[in-house]
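Keep the structure in view as you read.

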Amino acid sequence: MKILIADDEAPLLRFLSRGLSTEGFECIEESALHNLVTRIRHEAPAIIVLDRMFGDEDSVELLPAIKSLPHAPMVLLLTAVDEVRERVNGLKQGADDYLCKPFDFDELLARITALSRRVTNTPVTQLGLTIGPLNIDDESRIATLSGEEISLTKLEYDMLYYFAENAEKVLSRERILSRVWRSHSDPLTNVVDVYISRLRQKLHSSDAIFIETLRGNGYRLTTRK
């Protein structure tokens, strides 16, 4: 599915484009608000992730023009303004959904997935937190492997829980950074790789479950077939 990401903040634009591309979306980037309607006509995206403010320009003013286009795309509006009046105004002008900054990448992905279902009627699947010999009790924040408790730091637990929530799914570095470190930019360090290595050492006693690297795509918690 084609998504147009429109934002005048280059780091966030690149981050969202990388993250959503890793999730299988075809991403188009646009940083100039005055080009937006032309790009939509030319590219015909199914969904637009649209930042509310471009400097002093309010993208909400373009929503009626966007929604009047043939095969108008779904619009997810990003904003730093968390006022009910402003959200209502954006929705009245034509936005299909609204997400306030700062946001979690997984919430963004869930909202995009929901919008895409309105276009394609794609069903959703949900996974549990028991994967092979690994069991995670989030109430007690205790993880066990073949019945034995695993000693985990807070960040190690958060990462393992996130992998368990998405067992057998590829998680990009961007998604891991967003969920575990609450970061929307690349810290230019190997922090994700360091913590992946730590988790692998702590799962080493089991031959049935491991964290797999998919070069260029991310990581996956999987069970040995």
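**Rings and backbone**

Q: Does Trp-181 count as buried, exposed or partly exposed?
A: Buried means under 20% relative accessible area, exposed over 50%, and partly exposed in between (1.4 Å probe, protein chains only). Trp-181 has 23% relative accessibility, so the class is partly exposed.

This is a predicted model: local features need pLDDT of at least 70, side-chain atom pairs count only at pLDDT 80 or more, and totals for chains, interfaces and linings use all residues. Residues are numbered from 1 along each chain as its sequence is written, and side-chain values use heavy atoms, with hydrogens and water left out.

Q: How many aromatic pairs does the structure hold?
A: Rings of Phe, Tyr and Trp (its six-membered ring) pair if their centres lie within 6.5 Å; planes under 30 degrees apart count as stacked, over 60 as edge-to-face and the rest as tilted. By that rule, the number of aromatic pairs is three.

Q: Which geometry do Phe-15 and Phe-105 show, stacked or edge-to-face?
A: Both residues are buried. Their ring centres are 6.0 Å apart and the planes meet at 85°, so the pair is edge-to-face.

Q: Which residue lies over the face of Tyr-195?
A: Tyr-195 is buried, at 13% relative accessibility. A charge sits over a ring if NZ of Lys or CZ of Arg is within 6 Å of the ring centre and within 35 degrees of the ring normal. At 4.5 Å from the ring centre lies Arg-198.

Q: What is omega for the peptide bond from Lys-101 to Pro-102?
A: This bond is cis. Its omega is near -5°.
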